[in-house]
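This briefing walks through selected features of the structure shown below, grouped by topic. Please read it with the sequence and the coordinates at hand.

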Amino acid sequence: MTDVKVAIIYYSSTGTVDAMARHAAAMAEKGGAVVRLRQVAELAPDSAIQANEDWAEHVEETKDEPDAAVDDLTWADVVLLGTPTRFGNVASQLKQYLDGLGPEWQNGELANKVYAGFTSTKTAHGGHESTLLALYNTVIHFGGILVAPGYTDPVKFEEGNPYGVSNTETGTDDGVADAARDALEHLVARTMSVASALRSGGFAA
Ligand SMILES: Cc1cc2nc3c(=O)[nH]c(=O)nc-3n(C[C@H](O)[C@H](O)[C@H](O)COP(=O)(O)O)c2cc1C
């Protein structure tokens, strides 16, 4: 699976999805991938950001990192999309990034890649599945190869989400549950394995 190109493209306000994204990146690197970890551009007004200490801190911590560019997605074999839930839906910042990909969609540059998603919520039934399903509407329109984890590993019975990976914020430092971390490792390995098999099998349709 060496040299599989993995792009982790995500949005995070207060750092939880960011921690999930960084863990996924570390797992992909461990598996031999070339990784691009990219947060999409922030769209919220500064007044909203500064009114929330955790949000302001996260923006400050990541201010020197490059925003996700179009090329980060078109470059990749595997695209992992991460978003916190927003009323059971995809965060507008990630949606804005995806909605900017019309020309690449038209050129067929978004199709035939492996895609999967991850999310985080505040509450246990706060929109894990609806957020991922909403995200996947876009992936389907891309002609993406959606790789669901299902229950293909014992960790999925711990973390509990066959649609992708999801986390309910814990009270720990970065808010990510151990089961979500393990499920991310599994999702990364599974998506890389599918991408690698497609490549070695000559898939190009
Ligand atoms: C406007 C808004 C809407 C949200 N909607 C939900 C929701 O529907 N269900 C839920 O459980 N959490 C909801 N949350 C909480 C976040 O999705 C949750 O805290 C997430 O883990 C934050 O991720 P982040 O730290 O990466 O920003 C909402 C937060 C905001 C600011």
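**A buried serine and its surroundings**

With a relative accessibility of 6%, Ser 13 counts as buried, because the cut-off for that class is under 20%. The model is a predicted one, and Ser 13 sits in the loop that runs between β1 and α1.

**Contacts of Ser 13**

- Two side-chain partners are joined to Ser 13 by polar contacts: the side chain of Tyr 11 is reached at 2.8 Å, and the side chain of Arg 86 is likewise reached at 2.8 Å.
- When neighbours within four places in sequence are left aside, the residues in contact with Ser 13 are Asp 54, Trp 55, His 58 and Arg 86.
- Val 155 lies 142 residues from Ser 13 along the chain, and the C-alpha atoms of the two are separated by 27 Å.

**Asp 72 in helix α4**

- Asp 72, which belongs to helix α4, has a relative accessibility of 4% and therefore counts as buried.
- Its side chain makes a polar contact of 2.8 Å with the side chain of Arg 36, and the side chain of Asp 72 also reaches the backbone nitrogen of Ala 69 at 2.8 Å.
- Beyond the neighbours within four places in sequence, Asp 72 is in contact with Ala 7, Ile 9, Arg 36, Arg 38 and Asp 67.

**Nonpolar cores**

- The largest nonpolar core comprises 30 residues, and those with the most contacts inside it are Val 6, Ile 8, Leu 80 and Phe 118.
- At least two residues of this core come from each of β1 (5-10), α1 (16-30), β3 (78-86), β5 (114-121) and α9 (178-200), with α1 giving the most, namely eight residues.
- Phe 118, not counting residues up to four places away in sequence, touches a set of residues that includes Ile 8, Tyr 10, Val 17, Met 20, Leu 80, Leu 132, Val 165 and Leu 184.
- Apart from this core lies another one, of 27 residues, among them Ile 9, Ala 44, Trp 55 and Leu 73.
- In soluble globular proteins, nonpolar side chains tend to be buried together.

**The buried side of helix α5**

- In helix α5, which spans residues 92-99, the buried residues are Gln 93, Leu 94, Tyr 97 and Leu 98.
- These residues lie on the same side of α5, because they cover an arc of only 135° around the axis.
- The elements against which the buried residues of α5 pack are β1, α4 (70-74), β3, β4 (89-90) and α7 (128-142).

Notes
Residues are numbered from 1 along each chain as its sequence is written. This is a predicted model: local features need pLDDT of at least 70, side-chain atom pairs count only at pLDDT 80 or more; totals for chains, interfaces and linings use all residues. Side-chain values use heavy atoms; hydrogens and water are left out. A nonpolar core is a set of buried Ala, Val, Leu, Ile, Met, Phe, Trp, Tyr and Cys residues joined through side-chain atoms within 4.5 Å. Buried means under 20% relative accessible area, exposed over 50%, partly exposed in between (1.4 Å probe, protein chains only). Helices (H or I, at least four residues) and strands (E, at least two) are DSSP runs, numbered from the N terminus. Contact means heavy atoms within 4.5 Å. The arc is that of the directions from the helix axis to the C-beta atoms. A polar contact is a pair of N or O atoms within 3.5 Å; within protein, one must be able to donate a hydrogen and the other to accept it, and residues adjacent in sequence count only if both atoms are side-chain atoms.
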